[in-house]
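This briefing is intended to be read beside the sequence and the three-dimensional view. It treats pockets, sheets and disulfides in turn.

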Amino acid sequence: MPRPSLALLASLALLASAAVAAPTVGPCPVLPADHVFNTRIDQLPVHPQSAAFLQTISPSARRLHLDLGQSEDMASTEYWGIPYNVVRGSQITWPAVYFDADGAPDESDCARADGSLARPCTGLTSPARLPFPLQPKVEGGISSNKAIYNDHHILSVDTDTCTLWESYLSYARPDGGWDIYSSAAFDLRSNALRPAGWTSSDAAGFPIFPLLLRADEASTGEIQHALRFTIQSSKIRTSYTWPARHLTRNGDASAAKPPMGQLFRLRADYPVPENYTAQAKAILNALKRYGMYIADGGSDMYITGDPSRLWQDATISQVQTVPHTAFEAVDLSPITARAGFSADSGRVPPAAGATPAGFSATAEGTVQSLRLTGRVQPASGDVGQGGVVYVVAAVPGVGLAVLSPQGWTLFNGASTPTPTPAPAWQGTLAAAQTVPILELVNVSGLRGTQFFLGYGTSLADMLNNGKFQLIYTVP
């Protein structure tokens, strides 16, 4: 049995790394691939007010601070960062929540007693509910003492519906419920933004989780989404800019102050040393490619992450050497000027005159008998050229499987003899290419398996230019 070539093994290992790094949580995407949070912005122009914004943040160099910790013990005094909970909403009891007298139920989402979505959370005949586990992970730890201030965010991802629920100022009640200031629900499969002018659990009206710096992602060596950071509220203009939906009123209308939701990126010429940890390089490269958004008022240049024992000391010290003067504000107007842009959506429309690559899947039947078909629409510049199409399945607890015309080949990146994987299809790229993936297969025992579809004029072209996408996850 022949061994796969080293080059092919390396290429598939790279694809495996990319698949792991894609923004997902359990079987759910973390917002669509064309959401602005998941879109590279390193080629967009510098904002005309960039220098003034940086001067407002600090007239002297202010270094980044990773607002996260290495302790996962909520009782620890070093429990820093915003944790998150992953639940199956159909399998837990949703506790009752009560809005504070000065809270924002009129700009909040919650569930009614029958489980239906309420937006806003006003005029309910019974207490609102949220999908919090019995002992949720809470920013700052579980507390019932409102005199000890902490944002006390609770983030909960319901993987049964791919819905993210987030609450702010969440305090435990003796009856098992929660007192909160506000809450918001986000369909992680949708580009829809909050209603204009509405808060969320974040001052910008953003979801926190999709912008959270997560240790599991950073440890893969690649982060494929933007991050969240804070500056002092008094330094934020009393307005908001897309994709933000809400503002704070502690600043003023000065054009020298960045508006809520302003995007910044690490300059392309800032060196990322090769001897930095994989986590540090992932963070700094993400800041170059995807940037970071002002999401709330707080300490200057604080990037929010999760509390995790996976964080390395060297990662924290290395990232925190970067000064704010190494950043620049990004001008998103080339996106907002595109045909098809909507201020109520996070979707980034394709540039004029360009037909971007498209990837989709058609699923028919049930998980006991599934027919899955992939469809590739090559970018306009690739149509008519010779190319390859790859289909890769990431199977939890097993590894990667690559589809060829002869069937599926398991690939684990090791040097053990395996048949050399071939592409699922190769030939001249048409405007649309259909690829059969599964034909009436029982996948009920493969919950969470992710199918990726990619193409290129070559395997290297596909990998180097990111021409692949998650198209289906087994529910």
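**Pocket and cavity**

The second largest pocket holds about 590 Å³ of space. The model is a predicted one, in which local features need pLDDT of at least 70 and side-chain atom pairs count only at pLDDT 80 or more, whereas totals for chains, interfaces and linings use all residues. Residues are numbered from 1 along each chain as its sequence is written, and side-chain values use heavy atoms, with hydrogens and water left out.

- A pocket is an open set of points on a 1 Å grid over the protein atoms alone, with protein on both sides within 12 Å along at least five of seven lines; a cavity is a set of points where a 1.4 Å probe fits but cannot get out, and lining residues have an atom within 4 Å of a point.
- Volumes are the space filled by probe spheres set on the points, which are joined across faces, edges and corners.
- The lining of the second largest pocket comprises 28 residues, of which Tyr 149, Asp 151, Tyr 168, Asp 296 and Gly 297 are the closest to its centre.
- Strands β14 (227-231), β18 (292-297) and β19 (302-304) are the elements that give two or more residues to this lining.
- By class, the lining of the second largest pocket has eight nonpolar, 13 polar and seven charged residues; Ala, Val, Leu, Ile, Met, Phe, Trp, Tyr, Cys and Pro count as nonpolar, Asp, Glu, Lys and Arg as charged, and the others, Gly among them, as polar.
- One cavity of 30 Å³ or more is present, and about 90 Å³ of space lies in the largest cavity.
- Among the 14 residues lining the largest cavity, His 35, Phe 186, Ala 192, Leu 193 and Pro 207 are the closest to its centre; the lining has eight nonpolar, four polar and two charged residues.

**Sheets**

- Strands are DSSP runs (E, at least two residues) numbered from the N terminus, and two of them pair if DSSP finds at least two bridges between them.
- An open sheet of six strands has the order β3-β19-β14-β18-β17-β20, with mixed pairing.
- Its edges are β3 (65-67) and β20 (327-329), each with a single partner strand, so one side of each lacks a neighbour in the sheet.
- The twist in this sheet averages 40° from one strand to the next, with axes being lines fitted to C-alpha atoms and angles running from 0 to 180 degrees between N-to-C directions.
- Strands β14 and β18 run parallel and are joined by five bridges; Phe 229 stands opposite Ile 294 in β18.
- Four strands form another open sheet of mixed pairing, in the order β4-β9-β10-β13.
- Here β4 (85-87) and β13 (182-187) stand at the edges with a single partner strand each, so one side of each is without a neighbour in the sheet.
- Strand β4 pairs in the parallel sense with β9 (residues 154-158) over three bridges, and the bridge partner of Val 87 in β9 is Asp 158.

**Disulfides**

- There are two disulfides, a disulfide being a pair of cysteine sulfur atoms within 2.5 Å.
- The sulfur atoms of Cys 28 and Cys 162 are 2.2 Å apart, and the S-S torsion is about -85°, so this disulfide is left-handed.
- Cys 28 is buried (under 20% relative accessible area, with a 1.4 Å probe and protein chains only), at 0% relative accessibility; Cys 162 is buried at 8%.
- With bonded cysteines counted along the chain, the pattern is 1-4, 2-3.

Methods:
Buried means under 20% relative accessible area, exposed over 50%, partly exposed in between (1.4 Å probe, protein chains only).
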